[in-house]
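Look at the structure below before reading on. The report describes a few of its parts in turn.

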Amino acid sequence: MGSTIVTRNMDATKRPLLIPPEFANYCEKHGVFEMYKRLLEQLIITKPDDPLTFMIELLKRDSDDVPQIVILGPPAAGKRTIGKMVCAKLRTTYLTADNLIAEAEMDTRKKAQEFLAKNQPVPTDMWMSIIKERLKLYDCIRRGWVMEGFPQTREQAQALQAEGIYPKHFVLLDAPDTVLIERAAGKRIDSKTGDIYHTTFDWPSNPEVEARLEVVPGNAEEDVVNKLVQYHRHIEGIISCYEKMLKTINADQPKGDVFQQTLTFLCSQPRSVAPHNPRVILLGATGSGKGVQAALLANKYNIVNISCGQLIRQAIVDETKAGLAAKTWVEKKMLVPDAILLNILKQRMSQLDCVSRGWVLHGYPKTREQGEQLAQAGFVPNRVFFLDVPNSSVMERLTLRATDPITGERYHMLYNPPRTEEVKDRLERHPKDEEEEVRKRLQQYHAFVDELSDYYEDAQHVIADQDPHTVFECLESMIVNPIPKKAES
């Protein structure tokens, strides 16, 4: 009898295994996996004698997630201008070859200046010593850095990597040589601030600044051509070291456009190798294609497709406690109370397949209060999408569709009309697709969409009035890639 009781208690069909979702939520919220990854990277690169103390010191930092950016390009591509604009926006430390040497220790600075005075390149090992010491300072650790115009050779790039100095973003400003030569001829520099201006494209409005402007030395056509030859000799080797975080931006356009494209790239985040289970909520009006997109996502990524309406119907069929409670409301054609809905969802979303594989939920939540209740229950989505479709398109999609009661085939009077009059005459339209019913559901959605949008601040809006596979590609790209960071205003 004892063994029978044990077997009965272990029977998973009697009581399915339910797993609290809080662990995955906690790890994602606090970046636990990314933290482990950063610690391991720094251990491998630095090889400290006391790994435990080293990791403790790393963890004591307020944030390791600071900008680390290299901006490179040919002469007159606008590196300094864009670099300073990026630093002002992201509040990072601005590093150049000139200020790195100027701020180095006295002995090192003198040796570097001696090489420059003889028109000789500063040795790579000396550069590494200068850069390593500079990056150890508080401002670079706390606020991050933008390095403009360095590395200048593949050797320098590889030396940086060997020292564990690896940018998170690499911006390459590019423009035709003819444009660069013309641009260099008109460059002027503010002798007080070091800011760059141009006689044609960016002349200062302040008379005091205008009076301080000087011709940039070394910008004669012959000098620029020589610099371009040197640049083209080395750039391919440098690019090969940074292909995974490289973004090439056309510098032959207004600086505002160049800056915006640069900032968009810098706000992007590289794909993480940390475990990631999609927890997706699809929101949208009736007829926006939530069910179609949920099925496509579930099929490709093996996540669980959770339709709130289908769950209610299944619970009623299975005669669960929550299902029987919901049945009364469904039979009266009334909205099922939130408490019953949440109970049904919790039972399904706590099961092993949802926790281990991820899920895509549609048909819920429909109000901000429902969204808050879902989060309080521990089911926090890591992606939320609004499928935006104009009301006119929804009416066209739903009110013109019908079903053949004999074959079960579905038709649409515009996009997939029946081939014969016989089939057309016997088509039946679902009562929910009547024009008045569709308008009613649209009104219900738009009554709460603004409060849902306010609640899900990081939600992405997708134009869903297009081919379903185009919509799917858009959703897919935002699921597999991290959500871009918001630049501080």
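## Confidence

This is a predicted model. The pLDDT of the chain averages 86, and 92% of the residues score at least 70. Residues 1–13 have a pLDDT below 50, and beyond near neighbours in sequence this stretch has one contact in the model. Where pLDDT is low, the predicted coordinates should not be read in detail.

## The five-stranded sheet

Five strands form an open sheet with parallel pairing, in the order β10-β11-β9-β12-β15. At the edges are β10 (304–307) and β15 (460–463), each of which pairs on one side only. On average, neighbouring strands of this sheet are turned by 25° against each other, direction ignored.

One of the pairings joins β9 (residues 279–284) to β11 (residues 359–362), in the parallel sense and over four bridges. Within it, L282 stands opposite H362 in β11. Helix α24 (residues 468–480) packs on the sheet and touches β9, β12 (383–388) and β15. The direction of α24 makes about 160° with that of β12.

## Helices α8 and α10

Helix α8 (residues 124–135) packs with helix α10 (residues 154–162) at an angle of about 45°, and their axes are 10 Å apart. Because of that angle, α8 counts as oblique to α10. The crossing of α8 past α10 is right-handed.

On the α8 side, the contact is made by T124, W127, M128 and I131. On the α10 side, E155, Q156, A159 and L160 take part. The residues of this contact comprise five nonpolar, two polar and one charged.

Note on methods. Residues numbered from 1 in each chain as written. Predicted model: local features only at pLDDT ≥ 70, side-chain atom pairs only at ≥ 80, totals over all residues. Heavy atoms only, no water. pLDDT = per-residue confidence, 0-100. Contact = heavy atoms within 4.5 Å. Pairing = 2+ DSSP bridges. Helix = DSSP H or I, 4+ residues; strand = E, 2+ residues; numbered from the N terminus. Axes fitted to C-alpha atoms, helices over the stretch in contact; angles between N-to-C directions. Parallel < 35°, antiparallel > 145°, perpendicular 65-115°, else oblique. Left-handed = near helix turned anticlockwise from the far one by under 90°. Nonpolar A, V, L, I, M, F, W, Y, C, P; charged D, E, K, R; others polar.
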